[in-house]
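Me: Could you walk me through this structure? I have a few quick things to ask.
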Amino acid sequence: MHVSDPGAANPAVSFRSVSKHYSSARGSVHALDDVSFDIAAGEFFGLLGPNGAGKTTLISVLAGLSRASSGQVLVHGHDVVTDYAAARRSLGIVPQELVFDPFFTVRETLQIQSGYFGARADPRANDAWIDELLENLGLADKADANTRQLSGGMKRRVLVAQALVHRPPVIVLDEPTAGVDVELRQTLWQFIARLNKEGHTVLLTTHYLEEAEALCGRLAMLKHGRVVALDRTSALLAGRASTMLRFKLDTPLPLTLQANARVTGRIVQIKTRNAAEVESVLATLRAAGGQPEDLEIGRADLEDVFLEIMHGVPEHGLSQLPMPVSV
Ligand SMILES: Nc1ncnc2c1ncn2[C@@H]1O[C@H](COP(=O)(O)OP(=O)(O)O)[C@@H](O)[C@H]1O
Ligand SMILES: [Mg+2]
């Protein structure tokens, strides 16, 4: 039997050699391949990776919605399979997909959700917290609106409120800001950051790397279901990142510069190690007749680190040269 240990030694979430295969007519997909890491209580943890990397699958296994092919997941010491109810009660999950029962108002949806966790016989006993959620997520004036009448952004807010209604110690958000407006992103992050300060553990997946860089103390990066990076955000930035030279260019980039360049339309970013390299890049450009505009020199950001890791990791054990990256 697991005895829940409230001490720091007991991680909020523990993924232990988690693998997940899907079988189909065209063969087997390894959505997760031997994923192991712990998230300590109180951490703001980011799970990053390109589409199809396995992020949602890992969260589904954590949520008990999908069974791992092998391995184990614990939430505050509770196995998500053999001790499902206790594990689930510790989790507040904001799913990637917008799914709703369309017959209820926003407030009813939250009251029903509150009842599911059965902490109180009277579902209205949680009303003060529901009011606080509605207020903090900018939903107060939509409390009596039917969920089917809400815009996508408003539905996303209700999903967040629903996940938090039973005050879970661990909050899991799967791409919560995909396609939502700037205002909701700010409202949401203010609120989630406050809950994290108050001691809630947060696990976040996002495509917005600047969000991850700003919010997450530690990050895991997934590629083809495998963990390819796991470290403090600051260490990932310091260890990999160097100086980025950014400019606009209307002529083709000389071939010799392409290996370290990222080209987005006419914006070129080139990684350099020092001032001498910056000078040599500019000299090469000028020799080729290129005229860089809006030249900037800055530190590499998480997106640079992410692309370097995603494109630099050998696949299937074969060595692979870093490729020029166009996005
Ligand atoms: N129900 C399923 N059946 C078969 N394959 C699936 C299923 N769900 C996900 N996959 C596959 O597993 C891989 C990981 O998907 P997913 O976890 O959704 O990635 P992410 O959330 O990182 O974009 C993908 O190759 C995806 O096609
Ligand atoms: Mg996903």
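**Core, sheet and ligand shell**

Me: Which residues touch the most other members of the largest nonpolar core?
Reply: A161, I171, V172 and L203, out of 64 residues in that core. A core here is a set of buried Ala, Val, Leu, Ile, Met, Phe, Trp, Tyr and Cys residues joined through C-beta atoms within 7 Å, buried meaning 20 or more other C-beta atoms within 10 Å, with C-beta atoms placed from the backbone. This is a predicted model: local features need pLDDT of at least 70, side-chain atom pairs count only at pLDDT 80 or more, and totals for chains, interfaces and linings use all residues. Residues are numbered from 1 along each chain as its sequence is written, while chains are lettered from A and ligands numbered from 1 in the order written.

Me: Which helix gives the largest share of this core?
Reply: Helix α5 (residues 152-164), with 6 residues; helices are DSSP runs of H or I, at least four residues, and strands are E runs of at least two, numbered from the N terminus.

Me: New topic: what is the strand order in the open sheet?
Reply: β2-β1-β4-β5, with antiparallel pairing; strands pair if DSSP finds at least two bridges between them. β2 and β5 (78-79) are at the edges with a single partner strand each, so one side of each has no neighbour in the sheet.

Me: And how many bridges join β1 and β4?
Reply: There are 5, and S19 has S70 in β4 as its bridge partner.

Me: Which element gives the largest share of the shell around ligand 1?
Reply: α1, with 3 residues. G52, K55 and T56 are among the residues around the ligand, near meaning a C-beta atom, placed from the backbone, within 6 Å.

Conventions
A residue is buried if 20 or more other C-beta atoms lie within 10 Å of its own, exposed if 12 or fewer, and partly exposed in between; C-beta atoms are placed from the backbone.
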